[in-house]
Amino acid sequence: NVAVHWDQLLRFLALRLGRELGAAVEPVHSRKEAADPSLRITNLVAELAAEGRLTGSIRIPDAAGPVEICADLRASRLFISVDLDAPKTGRAKTRVNWVLRQVRDASASTRVDAFVARSRTSMSESLERVREDPMLLVEDPNKELRSFRVTGVYPMGAKRSGSGVKTFIGSVLEAFD
């Protein structure tokens with residue numbers, strides 16, 4: 001039941017944003033999940049049981065990439081993120097400054113991850129600290145920064161019914177906006 005309602009909430013977010021933008025905003029599903037919707041629910045249930053998280057993605061036309069949404073029920077936090085390809089030219093610090101310009105109006109608590117080519121790990125720091133020292137995201141200036149992940153972290157409402165930001169649905173809607 002929880003997985004079904006989560007999937008419905010993602011569709012609602014997409015429809016609501018699509019209405020505001022006048023564009024076809026859609027939840028992202030794998031080909032297998034699109035062909036068999038029950039597989040999507042099975043995957044959500046498995047992830048919820050194993051990791052205590054509900055996840056999903058929403059594709060917005062002409063956006064840098066799909067918006068990833070994660071409700072971590074164990075941590076009572078919502079994570080809204082988007083992955084951005086780094087510019088192909090410039091030094092590492094230049095690329096970090098580029099991403100800082102892209103998120104100029106984001107809150108200081110936003111997290112920024114920098115991914116290096118051919119590496120499985122990333123450097124991660126709060127936007128506030130990166131604004132002070134862009135080199136915090138650069139482990140080795142000689143390695144090419146490939147991409148960035150910008151993540152907003154929000155508190156999750158605990159109330160199950162009613163309306164407002166203290167509810168789970170209200171907190172997801174506010175965080176997504």
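**Exercise 1.** How many residues lie between S3 and S4 in their hairpin, and which residue in the turn has a positive phi?

Solution. The model is a predicted one. Step 1: between S3 and S4 there are 4 residues, and the two strands form a hairpin. Step 2: within the turn, Ser76 has a positive phi of about 55 degrees. Step 3: the pairing of S3 and S4 is antiparallel and extends over 6 bridges.

**Exercise 2.** State in what order the strands of the open sheet are arranged, and identify the edge strands.

Solution. Step 1: the open sheet has 7 strands, in the order S1-S2-S3-S4-S7-S5-S6, and the pairing is antiparallel. Step 2: the edges are strand S1 (26-27) and strand S6 (122-126), since each pairs on one side only. Step 3: as a general point, strands of a sheet pair through backbone hydrogen bonds, in either a parallel or an antiparallel way.

**Exercise 3.** Describe the pairing of S2 with S3, of S4 with S7 and of S5 with S6.

Solution. Step 1: strand S2 (residues 53-59) pairs with strand S3 (residues 67-72) over 6 bridges in the antiparallel sense; Ser57 stands opposite Glu68 in S3. Step 2: S4 and S7 run antiparallel and are joined by 9 bridges, with Arg77 opposite Pro155 in S7. Step 3: S5 and S6 also run antiparallel, with 5 bridges, and Val112 has Glu125 in S6 as its bridge partner. Step 4: S5 and S6 form a hairpin with 5 residues between them, where Arg118 in the turn has a positive phi of about 60 degrees.

**Exercise 4.** Which strands does helix H4 lie across, and at what angle does H4 run to S7?

Solution. Step 1: helix H4 (residues 92-102) lies across strand S4 (77-85), strand S5 (111-116) and strand S7 (145-155). Step 2: the angle between H4 and S7 is about 35 degrees.

**Exercise 5.** Characterise the largest pocket by its volume and its lining.

Solution. Step 1: the volume of the largest pocket is about 550 Å³. Step 2: 25 residues line the largest pocket, and Val67, Ile80, Val82, Phe176 and Asp177 lie nearest its centre. Step 3: H1, S4, S7 and helix H6 (168-176) are the elements that each contribute two or more residues to this lining. Step 4: by residue type, the lining comprises 15 nonpolar, 6 polar and 4 charged residues.

Terms used. Residues are numbered from 1 along each chain as its sequence is written. This is a predicted model: local features need pLDDT of at least 70, side-chain atom pairs count only at pLDDT 80 or more; totals for chains, interfaces and linings use all residues. Side-chain values use heavy atoms; hydrogens and water are left out. Two strands pair if DSSP finds at least two bridges between them. Contact means heavy atoms within 4.5 Å. Axes are lines fitted to C-alpha atoms, for helices over the stretch in contact, and angles run from 0 to 180 degrees between N-to-C directions. On a 1 Å grid over the protein atoms alone, a cavity is a set of points where a 1.4 Å probe fits but cannot get out, and a pocket is an open set with protein on both sides within 12 Å along at least five of seven lines; lining residues have an atom within 4 Å of a point. Grid points are joined across faces, edges and corners, and a volume is the space filled by probe spheres set on the points. Ala, Val, Leu, Ile, Met, Phe, Trp, Tyr, Cys and Pro count as nonpolar, Asp, Glu, Lys and Arg as charged, and the others, Gly among them, as polar.
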